[in-house]
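Here are my notes on the model you sent over.

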Amino acid sequence: MVKFGAVGGSGIAVNFLVFNLLLHGLTWAPMAATVIASCVAMGSNYLGFRFFAYRDRASRTRRQIVLFFAFSGIGVIMESALFYIGYHGLGMDTPLGSNLAKALSIVLASAFRFLVYRTWVFEQVKHSR
C-alpha cells in the first residue's frame, strides 16, 4: 500500500501539474484539461506501478496492459464525471475551486483504481512450495 501511495502521489502531482498548466496557464477548456491531465498521469502511473510498486508481481503481459488501460480509462471517466459535477454543477470554477473539484475527483476514482489494479491487473505471483 505504501508503494501504491508513492506511485499514486507522483501521479497526482503529474495530474495537477498538467491540469493547472492546461486550464489556468494555457486557458484550455476545463473538461479537456482534466481528461488530458488524467491520461498523462495514467501513463506515468503505469510505469511506476509496473517497475516499482508491483514489480514483484506477475510479469508484464498483453492482458496486464489491456486491463490496466481499460480500468484506468474507467477511472478517467469516473474522475471526469466527478470533476464535471464539481466544476459545472456545484460552481467550483475558480482556480481554487477547480483544484478542489479535481482533488475530490482524484480521491474517489483512486479508491476504485487501487482495488482493481491490486486485484486484477498486477496479480500476486503464486509461489509453489
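1. Ground rules. This is a predicted model, so to speak of local features we need pLDDT of at least 70, side-chain atom pairs count only at pLDDT 80 or more, and totals for chains, interfaces and linings use all residues. Residues are numbered from 1 along each chain as its sequence is written, and side-chain values use heavy atoms, with hydrogens and water left out.

2. Overall fold. The protein chain has 4 helices and 0 strands, in the order α-α-α-α along the sequence. Its radius of gyration is 16 Å, close to the 14 Å that the globule rule gives for 129 residues, so the chain is as compact as a globular protein of that length. (That radius is taken over C-alpha atoms, and the rule is 2.2 Å times the number of residues to the power 0.38; helices, H or I with at least four residues, and strands, E with at least two, are DSSP runs numbered from the N terminus.) The C-alpha trace spans about 60 × 25 × 25 Å along its principal axes. Of the 129 residues, 40% count as buried, where buried means under 20% relative accessible area, exposed over 50% and partly exposed in between, with a 1.4 Å probe and protein chains only.

3. Ring pairs. How many aromatic pairs are there? The count comes to 7, using rings of Phe, Tyr and Trp (its six-membered ring) with centres within 6.5 Å; planes under 30 degrees apart are stacked, over 60 edge-to-face and the rest tilted. Take phenylalanine 19 and phenylalanine 83: their ring centres are 5.4 Å apart and their planes at 80 degrees, so this pair is edge-to-face. Phenylalanine 19 is in helix H1 (residues 2-25) and phenylalanine 83 in helix H3 (residues 62-89), so the pair ties together parts that are 64 residues apart in sequence. Both phenylalanine 19 and phenylalanine 83 are buried.

4. The rings of tyrosine 46 and phenylalanine 69 have centres 5.7 Å apart and planes at 35 degrees, so they count as tilted. With tyrosine 46 in helix H2 (residues 30-53) and phenylalanine 69 in helix H3, the pair ties together parts that are 23 residues apart in sequence. Tyrosine 46 is buried at 8% relative accessible area, while phenylalanine 69 is partly exposed at 36%. Tyr46, Phe49, Phe68 and Phe69 form one aromatic cluster.

5. A charge on a ring. The charged end of lysine 3 sits over the ring of phenylalanine 52, 5.5 Å from its centre. (The rule asks for NZ of Lys or CZ of Arg within 6 Å of the ring centre and within 35 degrees of the ring normal.)

6. The largest pocket. Its volume is about 230 Å³. Of the 19 residues lining this pocket, the closest to its centre are Gly8, Ile12, Asn45, Ser110 and Arg113. For the terms: on a 1 Å grid over the protein atoms alone, a pocket is an open set of points where a 1.4 Å probe fits, with protein on both sides within 12 Å along at least five of seven lines, and lining residues have an atom within 4 Å of a point. Points are joined across faces, edges and corners, and the volume is the space filled by probe spheres set on them.

7. Who lines the pocket. H1, H2, H3 and helix H4 (95-121) each supply at least two lining residues, and H1 gives the most, with 7. The lining divides into 8 nonpolar, 9 polar and 2 charged residues. (Ala, Val, Leu, Ile, Met, Phe, Trp, Tyr, Cys and Pro count as nonpolar, Asp, Glu, Lys and Arg as charged, and the others, Gly among them, as polar.)

8. Threonine 27. Have a look at the loop between H1 and H2, where threonine 27 is placed. Threonine 27 has a positive phi of about 55 degrees although it is not a glycine, and at 64% relative accessibility it counts as exposed.

9. Cysteine 39 lies in helix H2 and is partly exposed, at 35% relative accessible area. Glycine 43 is also found in helix H2, partly exposed at 28%, and its C-alpha atom is separated by 8.8 Å from that of phenylalanine 69, 26 residues apart along the chain.
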